[in-house]
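I opened this entry to note what I looked up, one item at a time. The structure comes first, then my notes.

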Amino acid sequence: RQMCIRDSPLVVFSQEATKWQVNQAEKVASFVIEKLELNEEDALFFRDVNLTQIVENANNIKESGASTQDEKKAVYAKGRANLKSKLSERFGRKVAQQLMNAINESRKQ
């Protein structure tokens, strides 16, 4: 059963998302969902995988001891590839790429 991040905390690797992570994920998700006009079910899926990836990135940075920008960039690159893979499984490669483009665009807002 999928959970909406607004209704209840999403637990990832037995660690709850921080308030900042939830806010970041929601900002990105709101932009992407509106831009691509995702239906409710797809929007819920996107919110969940996006938040999960943000939390996973933070955990991977902490666990690997990444401290330099280059080390963190490597973690984020793996995270983007993982997110794109999950989106591709659900939406297909073309829509997944549109979602990834919209994520990038949302970060420039």
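**Notes on packing and helix ends**

I started with V32. Leaving out residues up to four places away in sequence, I find V32 touching E37, F46, L99, A102 and I103. I am working from a predicted model.

Next I looked up the nonpolar cores. The largest one holds 17 residues. V32, F46, L87, L99 and I103 have the most contacts inside it. The elements giving two or more residues to this core are α1, α2, α3 (69–91) and α4 (93–107). I note α4 as the top contributor, with 5 residues. There is also a second, separate core of 5 residues, and A17, A25, L51 and V55 are among its members.

Then I turned to Q21. Q21 sits in helix α1, which runs over residues 19–36. Is Q21 buried or exposed? I read a relative accessible area of 6% for Q21, and buried means under 20%, so Q21 counts as buried. Its side chain reaches the backbone nitrogen of T18 at 2.8 Å. Again skipping residues up to four places away in sequence, Q21 touches E16, L51, I54, V55 and A58.

Last, I checked helix α2, residues 40–64. Its 25 residues, at 1.5 Å a residue, should span 36 Å. The end C-alpha atoms are 36 Å apart, so the two values agree. At the start of α2, a side-chain oxygen of N39 comes to within 3.1 Å of the backbone nitrogen of E41. Just after α2, I find G65 with a positive phi of about 70°.

Note on methods. Residues are numbered from 1 along each chain as its sequence is written. This is a predicted model: local features need pLDDT of at least 70, side-chain atom pairs count only at pLDDT 80 or more; totals for chains, interfaces and linings use all residues. Side-chain values use heavy atoms; hydrogens and water are left out. Helices (H or I, at least four residues) and strands (E, at least two) are DSSP runs, numbered from the N terminus. Buried means under 20% relative accessible area, exposed over 50%, partly exposed in between (1.4 Å probe, protein chains only). A polar contact is a pair of N or O atoms within 3.5 Å; within protein, one must be able to donate a hydrogen and the other to accept it, and residues adjacent in sequence count only if both atoms are side-chain atoms. Contact means heavy atoms within 4.5 Å. The expected span of a helix is 1.5 Å times one less than its number of residues. A nonpolar core is a set of buried Ala, Val, Leu, Ile, Met, Phe, Trp, Tyr and Cys residues joined through side-chain atoms within 4.5 Å.
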